[in-house]
Amino acid sequence: LLRYPPPPPSPPAPSDSRRACYAVRSLLPAAALKRLKRIFVGAGAPYFQAHGYEDGFTGEPATPYFSYALPLSPSPAPTFLSRLVSTLRSTIRTGVSPSLDRATHVELWAHSRPHPSGHQLHFDSDAEGEGAAPRHPIASAVLYLATGVGGPTVVTTMKLASPRPPRRSYLVHPEENAMVCFDGSVLHGVVPGRGVGGGGQRRVSLMVAFWDGLEVREGGGMGAARPWPEAGERGGGGGGEEWVRMFNEEVTEEEFGVGGEGVEEINPVVVEGMFVDVETGKKVKEVPSIEDVFLF
């Protein structure tokens with residue numbers, strides 16, 4: 001995986017790729033993409049600035065995981081956020097999870113990282129895996145807001161109880177306005193970017209997970225599944241109401257933008273196997289120790 005191939009123009013799709021993930025490009029209309037980039041991309045991006053976000057590459061400790069969550073019922077007002085969630089939900093339902101109709105909550109979080117930064121293999125789970133039997137979302141998704149920076153998202157079909165490593169791994173490279181979605185219970189992560197790249201840009205992504213039941217956790221400061229801030233609130237990071245306002249502002253369908261016509265499915269890049277013994281170079285046929293490679 002660390003020596004992943006560059007994305008070919010149109011890689012062939014294996015017959016089982018839809019079992020693992022579904023990816024599309026040109027997902028959002030131009031107006032919606034522009035607003036998201038104002039929130040998350042560039043120096044002084046209001047979301048990351050408001051939370052004092054650190055990526056761990058500046059000498060400061062990386063910001064611990066934090067996210068926001070909100071119920072899907074009753075039907076929310078037609079805000080930018082609700083229209084965005086509706087678009088993502090529709091695409092995920094089509095691609096990997098018809099059962100998304102039973103989702104009760106959506107959870108959102110974001111990252112902005114330099115080219116060589118990856119993200120350790122992990123399973124999405126409630127309360128970061130605390131408890132005897134971790135709960136997973138119905139489906140998860142990654143929406144890319146930058147192109148050509150950082151390594152690909154790697155998705156597998158491996159679940160927590162799987163007795164063997166996955167036969168294949170599926171790579172989806174960062175591409176602005178592309179999204180990859182997958183079963184919320186499978187092992188996934190981000191491969192560090194190869195070589196020297198990025199040109200000072202950052203790998204910016206917005207993640208969403210749809211849940212059948214999720215505890216929205218009250219409390220001061222940042223943490224997992226914090227309540228989505230209401231208009232005028234500052235959010236768990238303190239400071240910076242701008243990102244909250246841009247999400248919570250009511251927008252018409254025309255203001256959100258008309259999209260869908262140019263949406264195109266992306267075939268993942270396929271890598272045979274998953275784990276390799278670094279000393280022998282041989283593929284590992286048994287599941288490695290959770291402490292060695294997995295996070296919750």
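1. A residue is called buried when its relative accessible area is under 20%, exposed when over 50%, and partly exposed in between (1.4 Å probe, protein chains only). By that rule, 50% of the 296 residues in the protein chain are buried. This is a predicted model, in which local features need pLDDT of at least 70 and side-chain atom pairs count only at pLDDT 80 or more, while totals for chains, interfaces and linings use all residues. Residues are numbered from 1 along each chain as its sequence is written, and side-chain values use heavy atoms, with hydrogens and water left out.

2. Seven helices and 13 strands are found in the protein chain; these are DSSP runs numbered from the N terminus (helices H or I, at least four residues; strands E, at least two). Contact means heavy atoms within 4.5 Å. Among contacts between residues at least 6 apart in sequence, 81% join residues at least 24 apart.

3. An open sheet is built from five strands in the order E4-E9-E6-E7-E13, with antiparallel pairing; two strands pair if DSSP finds at least two bridges between them. Strands E4 (119-122) and E13 (269-272) stand at the edges with a single partner strand each, so one side of each is left without a neighbour in the sheet. Strand E7 (residues 168-172) is joined to E13 by four bridges, and Ser-169 stands opposite Val-271 in E13.

4. A nonpolar core is a set of buried Ala, Val, Leu, Ile, Met, Phe, Trp, Tyr and Cys residues joined through side-chain atoms within 4.5 Å. The largest such core has 47 residues, of which Leu-36, Phe-40 and Phe-247 touch the most other members. Helix H4 (residues 80-95) supplies the largest share of this core, six residues. Apart from it lies another core of 20 residues, including Met-207 and Trp-211.

5. Rings of Phe, Tyr and Trp (its six-membered ring) pair if their centres lie within 6.5 Å; planes under 30 degrees apart count as stacked, over 60 as edge-to-face and the rest as tilted. The count comes to 15 aromatic pairs. Phe-40 and Tyr-47 form a tilted pair, 4.9 Å centre to centre with 55 degrees between the planes. Phe-40 is buried at a relative accessible area of 2%, and Tyr-47 is buried at 3%.

6. Tyr-68 and Trp-228 form an edge-to-face pair, 5.7 Å centre to centre with 75 degrees between the planes. Tyr-68 lies in strand E2 (residues 68-71) and Trp-228 in the loop between strand E11 (226-227) and helix H5 (242-248), so the pair ties together parts that are 160 residues apart in sequence.
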